[in-house]
There are 2 protein chains.
Amino acid sequence: MSVRDNSIDLTARQQAQADAAARQVTEPQSLVVRFPASEPLRLDSGREIAPLTIAYQTYGTLNADKSNAILICHALTGDQHVANDHPVTGKGGWWATLVGPGKPVDTDRFFVICANILGGCMGSTGPASVNPATGRPYGVEFPVITIGDMVKAQARLVDYLGIDQLFSVIGGSMGGMQVLQWCARYKERVLTAMPIATAPWHTAQNIAFHEVGRQAVMADPDWQGGAYYGTNARPARGLAVARMAAHITYLSEKALQDKFGRGLQNRDQHSFSFDADFKIESYLRHQGSTFVDRFDANSYLYITRAMDYFDLEAEYGKLANAFTGTKTQFCVVSFTSDWLYPTRDNKEIVKALNGVAANVSFVEIESDKGHDAFLLDEEVFFATVRGFLNAAAKKRGIA
Amino acid sequence: MSVRDNSIDLTARQQAQADAAARQVTEPQSLVVRFPASEPLRLDSGREIAPLTIAYQTYGTLNADKSNAILICHALTGDQHVANDHPVTGKGGWWATLVGPGKPVDTDRFFVICANILGGCMGSTGPASVNPATGRPYGVEFPVITIGDMVKAQARLVDYLGIDQLFSVIGGSMGGMQVLQWCARYKERVLTAMPIATAPWHTAQNIAFHEVGRQAVMADPDWQGGAYYGTNARPARGLAVARMAAHITYLSEKALQDKFGRGLQNRDQHSFSFDADFKIESYLRHQGSTFVDRFDANSYLYITRAMDYFDLEAEYGKLANAFTGTKTQFCVVSFTSDWLYPTRDNKEIVKALNGVAANVSFVEIESDKGHDAFLLDEEVFFATVRGFLNAAAKKRGIA
């Protein structure tokens, strides 16, 4: 990582990493299932995607009666590399603290699946994939997708793996939206579900932050109307700004103050310039500049759009209707300092589930780390996941 | 205003307004005082500005003993046009509801002064002004300034007007920071003070949002390292993104939800595109695109930087020390739903004032409108200002 003094440095970056990221689109270092063009994915918009490719990872072993499969749904900038080192960044899996042998989601016991979402850039079909109609990457010709479409694509994968019912579907943030959508659309296929730090719909403020990010990307001339693939430019500065803005929403005000406060970065006094005088500035620039080397800007546009469109209440007329007749056992988790998807939003899910007499428990976890708490070492959260899954596994007769 | 379907339209804009705004830099439609080059303004950084120009407006009449002057300090994107129609936008003054004949700040009784801040773009010396060393606009050669420097420039104006002591200094947001700085640096010159919706220092989250805005501006190739004056380009897209991000912080989450929610803009259903489907998107694009026609991007960089540097505690070792020996009568005002400068920050001011046994009252006003509440029709706020000023005027013997 290299940060110039007064702006994000995109010239000194190792092109190697960006190239490695681009290769994941067509040659992911993952398991891959390629559905033939004759089996298109019909989208909520009415449009179709064909062929459909899904890149995914699995951990653990599927048992004989295929009753121990857990689907993990990733968040906006996540991917399928839950518990293995990331093929582009080399960093540990994004939920490696939660998923693995002996971990709360115990891969000695469960068969864990995570697929790169539809619209992503790590091997599943997305805007960087080749559009068969033109032979060039889709760009903005890629259809606008929904959380429902993402889940439909995952269901294809689960079918392909020969699994009728998932023991659990688990996800945080946008992953939690997918969990809710699974439970609404595929009621019989989900035994237990953990929607974490999420919401049943995107609020005006949620949409507002996403719109700022999209405008930052589209304002970058290197975006080129989305057709930057194969040119020597990509909207890295715009995407970095989008990431910086989003990152503020992932941390609580208190977490920012405790971690950075007004601390200065490598200096004793103000520089009276636009250098990154403050630690918080340096941190945000770092977040922006590292993100752009592993993520496709168009994917960012499409995925944020899918989140903005998410509104289970609108889809079902009334939120409770989304869960009518459900037999799924739910555990809804929120974090006290999460202001992106606050406890209030998570409680709406609980209220709707109670409205249809569903089996639901709700845990609000005390944390000052903000939305990102679900990705961090939170003991009470780990204990909650472990306890919920173990109790359900016992009931289901999983060894 | 013209908004293209999927991004901010900067081409169809009336160039006339942008030109009118640019003219204000050198030929403001305001009163102006031009201090000669022989009287430089010495800055906190150690650098100097010369010549110094201050553009200002006044309302009402200064009384014979010059005891009825009120200085109003404007916020980040405000200017001196408090109570008259704006010469560029044609809109009413930004505090016309509060200031005027018979209004809470009654210009039948008080002589009201408001100066465009140092670093601004409405006629006071700023980065768009001509740098006498080069004959060209300063751009990034303009020195980085502080809130203290802004106040020092205002003191020059107050001297010029022959006023020893101000009856009151009033301001919200960054205006409130100036109020505090006045009270710290010029104790004898401030009889009463109203810091409103403000803070004694910028927090990490405050700095973070500003840094996102600055990076958005500097990422725009049209910024040209700050030297865009006289070219046919200006970083309008970057500045619009900065304004959009900032605007989210000016409203409460509840205000956004109540005002826009998930309402659609001129359509019945999602477009499955990147159009401004949602009212909130359309609103933010409008905020971004109208802002860039009246505001200079470099001014935005310099003023946000000054705010980030603001830290009265660091300047005085301990916040209370800033007010040691003060005889000023304070009324500190906060708004319940303001998350940019929350009640907590305003209470730090009150605590410090109490620590030196200052004369201080504190009013927290119930409002769900967020930070912008101080600019809106808030009856309790109006009554607070009127009551505080009237009582102090009676005591001071102002008719």
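Chain A of this predicted model is built from eleven helices and 14 strands, with helices (H or I, at least four residues) and strands (E, at least two) taken as DSSP runs and numbered from the N terminus. Its radius of gyration is 21 Å, close to the 21 Å that the globule rule gives for 399 residues, so chain A is as compact as a globular protein of that length. Here the radius is taken over C-alpha atoms, and the rule is 2.2 Å times the number of residues to the power 0.38. Along the principal axes, the C-alpha atoms of chain A fill a box of roughly 65 × 50 × 40 Å.

A word on conventions: residues are numbered from 1 along each chain as its sequence is written, while chains are lettered from A and ligands numbered from 1 in the order in which they are written. As this is a predicted model, local features need pLDDT of at least 70 and side-chain atom pairs count only at pLDDT 80 or more, whereas totals for chains, interfaces and linings use all residues.

Of the 399 residues of chain A, 57% count as buried. That label calls for 20 or more other C-beta atoms within 10 Å of the residue's own; 12 or fewer makes a residue exposed, anything in between partly exposed, and the C-beta atoms are placed from the backbone. As for contacts in chain A between residues at least 6 apart in sequence, 73% join residues at least 24 apart. Two residues are in contact if their C-beta atoms, again placed from the backbone, lie within 7 Å.

Inside chain A, helix α5 (residues 236–250) packs on helix α7 (residues 279–291) at an angle of about 130°, with the axes 8 Å apart. Axes are lines fitted to C-alpha atoms, for helices over the stretch in contact, and angles run from 0 to 180 degrees between N-to-C directions. α5(A) and α7(A) are therefore oblique to each other; angles under 35 degrees count as roughly parallel, over 145 as roughly antiparallel, 65 to 115 as roughly perpendicular and the rest as oblique. The crossing of α5(A) past α7(A) is right-handed, meaning that the near helix is turned clockwise from the far one by less than a right angle, with anticlockwise giving a left-handed crossing. On the α5(A) side the contact is made by A:L239, A:A240, A:V241, A:R243, A:M244 and A:H247, and on the α7(A) side by A:L284, A:Q287, A:G288, A:S289 and A:F291. Sorted by class, that comes to six nonpolar, four polar and one charged residues. Nonpolar covers Ala, Val, Leu, Ile, Met, Phe, Trp, Tyr, Cys and Pro, charged covers Asp, Glu, Lys and Arg, and the others, Gly among them, are polar.

In chain B, B:A240 lies in helix α5 and counts as buried, with 32 C-beta neighbours inside 10 Å. B:A240 and B:Q287 are 47 residues apart in sequence, yet their C-alpha atoms are 7.7 Å apart in space.

Turning to the interface, 45 residues of chain B are in contact with 45 residues of chain A. On the chain B side, the elements giving two or more residues are α4 (204–219), α5 (236–250), α6 (253–259), α7 (279–291) and α8 (297–309). α4(B) gives the most, with twelve residues. By class, this side of chain B divides into 25 nonpolar, ten polar and ten charged residues.

α4(A) contributes A:Q205, A:A208, A:F209, A:V212, A:Q215, A:A216 and A:A219 to the contact, and α5(B) contributes B:R237, B:G238, B:V241, B:M244, B:A245 and B:I248. These residues divide into nine nonpolar, three polar and one charged.

The peptide bond from A:A50 to A:P51 is cis, with omega near -5°, and A:P51 lies in the loop between β3 (48–49) and β4 (52–59) of chain A. In chain B, a cis peptide bond joins B:A50 and B:P51, with omega about -5°. B:K66 is not a glycine but has a positive phi of about 55°; B:K66 is partly exposed, with 15 other C-beta atoms within 10 Å. Phi of B:A197 is also positive, near 45°, but B:A197 is buried, with 30 other C-beta atoms within 10 Å.
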